[in-house]
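Visitor: Please walk me through this model, one question at a time. Keep the answers brisk.

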Amino acid sequence: MGFFVAKKKTEETLNLDTILFKCRDILRQARNSGSFFEKRDMMLTLVFLRFIGEKFEDGVENLRQALIEQDLDPDDAEIWAAFFDDATFIDGTYNLPVEARWSTIINTPAPQLNVALDTALHSIAASSKQLKECFVEGTFTSRNLAPKDIKMVVDEVNKISHKTFGEEKDLIGRVYEYFLKEFAVNATKEEGEYYTPHDVVQLIATMIEPFDGTLYDPCCGSGGMFIQSAELVKAKKGDISRINVYGQEKEAATYRLAQMNLALRGISHNLGDTSDSTFTHDLHKGLYFNYIMANPPFNLKGWYNENLKNDPRWAEYSTPPESNANYAWILHILSHLKPLDGVAGFLLANGALGDSDTLEIRKKLIRNDKVEAIVILPRELFITTDISVTLWILNQNKKGGAYHGRMLRSREHEILFMDLRTWTENPVKGESKKKVRLTTEQIERAAEIYHAWQNEGTDGTDYAVPELYRSVGIDEIEKRGWSLVPSKYIEFIDHDLDLDFQTEMRRIQEEMKAVMRQEKESQTMLMEAFEGIGYGIG
């Protein structure tokens, strides 16, 4: 039975990629399809119309069933007029006018499709300011694809359904990720175009437990952190209304995508009034959050200008180096954490663990007891970068107390180091480059190590497993020059020392003798074969 379950999941993933590959191929050959970004935005807008239409259809069907359970006939004209003509859905589903429904779009003749699609967008924009922010009106008539091309793409998008691929999946995020991989040659992590894999988000959320209050992402991309955290909240606590999400995104198209993603999920959100740089125009200035989760562009260059020299976000430390934004992200995140109990989990390139030009900032972060855990991740988790990545956890309260049903001990002047680089036994098939994923069991194991270290009753001076994790005090970190590189603290065993040298030498000698015997036998057989056909050697 397990074999067939695994096979089904593989087929689902391949089907989605196959659909998107066909769409990419159609758009690549079509006239007037535009640049990569225009192709991507056209596809994402279509997927948005597909998903919002599917959610509307589900809402209507659920309402029908609810009326039937109350002995009311949903097909009665008066009942229909009372409940369906101007329907209100309690789950956040948007009521769509006829021209904006997917059933209307999919049945539109090919020559009228471009106009029908833009009519749908205009109708949605007129009825909802929030949804208006998710797309650009006129997307399809401005491109004006040939009837056969737009019809083929719409028919392919029609196959992308949560009913087929799973309610829990961030399918818009997956579509976004696919087009980053397949279209954008230059869309690297360093340039800010990226998608955080589900297992990485699950790891961060499982460790810091953003189950209530406010959650912030200063570089929210397509909103994947929020979507996948909300799914974890639902799985653990059941009520995503207990979380209010705040974010910011620099790229206009990606900002619209995040708005789209969150609106479709019914997640309360505030992404600011526009897309803008978090550094030069902080849209949430003065706000403090319970939780922060982020995956900033690694080693981002060009982030700095002279107006940031004496910015309050790093006034207590010092201005981060202009060469890259890693420590600017750290100090920005810290500036938005609630002072008494805020917790942050975010990813950075490994270079931030020991850069010499950030030594003074790092030293003060450690002395101020802001750093709680450093976790090195496997290299092949991301598709759009080969850079080795670290998960940082900052905590404003390492003094202990009640937290999510647990009693925490004081971890003052301790940091937990973990190294998960060997957790690479789960390859992802069907990718153009090597990729691995963390399983749910591995994620829970990592969170268990972290939470057990936090809990009352744990001895932080003797909390270690060689080659996996170790709790380290500030005195040792100071002796190591304030480095946060885990390999400086976690014990690594030289497995060669476990060998019995004499026994190992005898084994090697026996293997060499066996190889020599085999070569001699092969040579003898070859000579006999030549002699048998009348040839001599020598």
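Guide: Start with a network: salt bridges link Arg-40, Asp-41 and Arg-256. Keep in mind that this is a predicted model.

Visitor: How many salt bridges does the structure hold?
Guide: The count rests on a side-chain nitrogen of Lys or Arg within 4 Å of a carboxyl oxygen of Asp or Glu. By that cut-off, the number of salt bridges in the structure is 16.

Visitor: Which residue forms a salt bridge with Arg-28?
Guide: Look inside helix 1 (residues 2–29), where both partners lie 3 residues apart, about one turn of the helix. Arg-28 is partly exposed because its relative accessibility is 48%. The closest N and O atoms are 3.0 Å apart, and the residue is Asp-25.

Visitor: How many residues apart in sequence are the parts that Arg-143 and Glu-38 tie together?
Guide: The two side chains meet in a salt bridge, 3.3 Å from N to O. Arg-143 belongs to helix 7 (residues 139–143) and Glu-38 to helix 2 (residues 36–69), so the pair ties together parts separated in sequence by 105 residues.

Visitor: Is Glu-38 buried, partly exposed or exposed?
Guide: Buried needs under 20% relative accessible area, and exposed needs over 50%. Glu-38 has 34%, so the class is partly exposed.

Visitor: Are Arg-411 and Glu-372 buried or exposed?
Guide: These residues form a salt bridge, with the closest N and O atoms 2.6 Å apart. The pair links distant parts of the chain, 39 residues apart: Arg-411 sits in the loop between strand 9 (406–408) and strand 10 (414–419), and Glu-372 in strand 6 (residues 371–376). Both residues are buried.

Visitor: How far apart in space are Ala-446 and Thr-206, C-alpha to C-alpha?
Guide: Ala-446 lies in helix 16 (residues 440–454). Ala-446 is buried, because its relative accessible area is 0%. Its contacts, beyond residues up to four places away in sequence, are Leu-203, Met-207, Met-418, Leu-420 and Trp-423. In sequence, Ala-446 and Thr-206 are 240 residues apart; in space, the C-alpha to C-alpha distance is 9.0 Å.

Visitor: Are helix 5 and helix 8 parallel or oblique to each other?
Guide: The axes of helix 5 (residues 113–127) and helix 8 (residues 147–157) come within 9 Å and cross at roughly 55 degrees. Leu-113, Asn-114 and Leu-117 of helix 5 make the contact with Ile-150, Lys-151 and Val-154 of helix 8. Under 35 degrees would count as roughly parallel, and 65 to 115 as roughly perpendicular. Helix 5 and helix 8 are therefore oblique.

Key:
Residues are numbered from 1 along each chain as its sequence is written. This is a predicted model: local features need pLDDT of at least 70, side-chain atom pairs count only at pLDDT 80 or more; totals for chains, interfaces and linings use all residues. Side-chain values use heavy atoms; hydrogens and water are left out. Helices (H or I, at least four residues) and strands (E, at least two) are DSSP runs, numbered from the N terminus. Buried means under 20% relative accessible area, exposed over 50%, partly exposed in between (1.4 Å probe, protein chains only). Contact means heavy atoms within 4.5 Å. Axes are lines fitted to C-alpha atoms, for helices over the stretch in contact, and angles run from 0 to 180 degrees between N-to-C directions. Angles under 35 degrees count as roughly parallel, over 145 as roughly antiparallel, 65 to 115 as roughly perpendicular and the rest as oblique.
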